[in-house]
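Student: Hi! I have a structure open and would like to talk it through with you.
Tutor: Happy to, let's have a look together.

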Amino acid sequence: MKKTLATLALGATVSIGAVASPTTADARWHHGFPVAPIVGGLAAGAILGAALAAPGPYYDAYAYEPVYFGPRCYIRRERFWDGWRWHVHRVEDCY
């Protein structure tokens, strides 16, 4: 869908640029600031930007089973005194 919209926006930009560009006679007589190509370019840019930036529809095609996770566990270090010196051992805590 994005490719189609991008192609249509590009075609619109090219066609607006071909139609709105001044002829040689207009350019020779300096008939003011060429507003039409600028407005056409801004409009085409807005259309192209909206087509590419719009999020697609979200739908879930499959019904998934619920996922159950086990207990969350982590390993922590615990110090203890054995009567002679301090020791460190690893303890697994689950909750």
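Student: Where does Ala 43 lie?
Tutor: Ala 43 lies in helix H3; helices (H or I, at least four residues) and strands (E, at least two) are DSSP runs, numbered from the N terminus. This is a predicted model: local features need pLDDT of at least 70, side-chain atom pairs count only at pLDDT 80 or more, and totals for chains, interfaces and linings use all residues. Residues are numbered from 1 along each chain as its sequence is written, and side-chain values use heavy atoms, with hydrogens and water left out.

Student: Is Ala 43 exposed or buried, or partly exposed?
Tutor: Ala 43 is partly exposed, at a relative accessible area of 36%. Buried means under 20% relative accessible area, exposed over 50%, and partly exposed in between (1.4 Å probe, protein chains only).

Student: How far is Ala 50 from Leu 5 in space?
Tutor: It's 9.7 Å from C-alpha to C-alpha, for residues 45 apart in sequence. Ala 50 belongs to helix H3 as well, and at 49% relative accessibility Ala 50 counts as partly exposed.

Student: Let's switch to charges. How many salt bridges does a search of the whole structure find?
Tutor: The search finds 2. A salt bridge is a side-chain nitrogen of Lys or Arg within 4 Å of a carboxyl oxygen of Asp or Glu.

Student: Which residue forms a salt bridge with Glu 78?
Tutor: Arg 76 does, with the closest N and O atoms 3.0 Å apart. Arg 76 is partly exposed at 30% relative accessible area, and Glu 78 is partly exposed at 28%.

Student: What does Asp 93 pair with?
Tutor: Asp 93 forms a salt bridge with Arg 76, and the closest N and O atoms are 2.3 Å apart. Asp 93 lies in strand S2 (residues 86–94) and Arg 76 in strand S1 (residues 73–81), so this pair ties together parts that are 17 residues apart in sequence. Through shared partners, salt bridges join Arg 76, Glu 78 and Asp 93 into one network.

Student: On to rings. How many aromatic pairs does the structure hold?
Tutor: It holds 1 aromatic pair. The ring centres of Trp 81 and Trp 86 are 5.5 Å apart and their planes are at 65°, so the pair is edge-to-face. The rule is that rings of Phe, Tyr and Trp (its six-membered ring) pair if their centres lie within 6.5 Å; planes under 30 degrees apart count as stacked, over 60 as edge-to-face and the rest as tilted.

Student: How accessible are those two?
Tutor: Trp 81 is partly exposed, with a relative accessible area of 47%, and Trp 86 is partly exposed with 46%.

Student: Which residue lies over the face of Trp 86?
Tutor: Arg 79, at 4.2 Å from the ring centre. A charge sits over a ring if NZ of Lys or CZ of Arg is within 6 Å of the ring centre and within 35 degrees of the ring normal.

Student: Zooming out, what does the secondary structure come to?
Tutor: The protein has 3 helices and 2 strands, running α-α-α-β-β from the N terminus on.

Student: Last one: what pLDDT does the protein average?
Tutor: The average is 75, and 66% of the residues score at least 70. pLDDT is the predictor's confidence in each residue, from 0 to 100.
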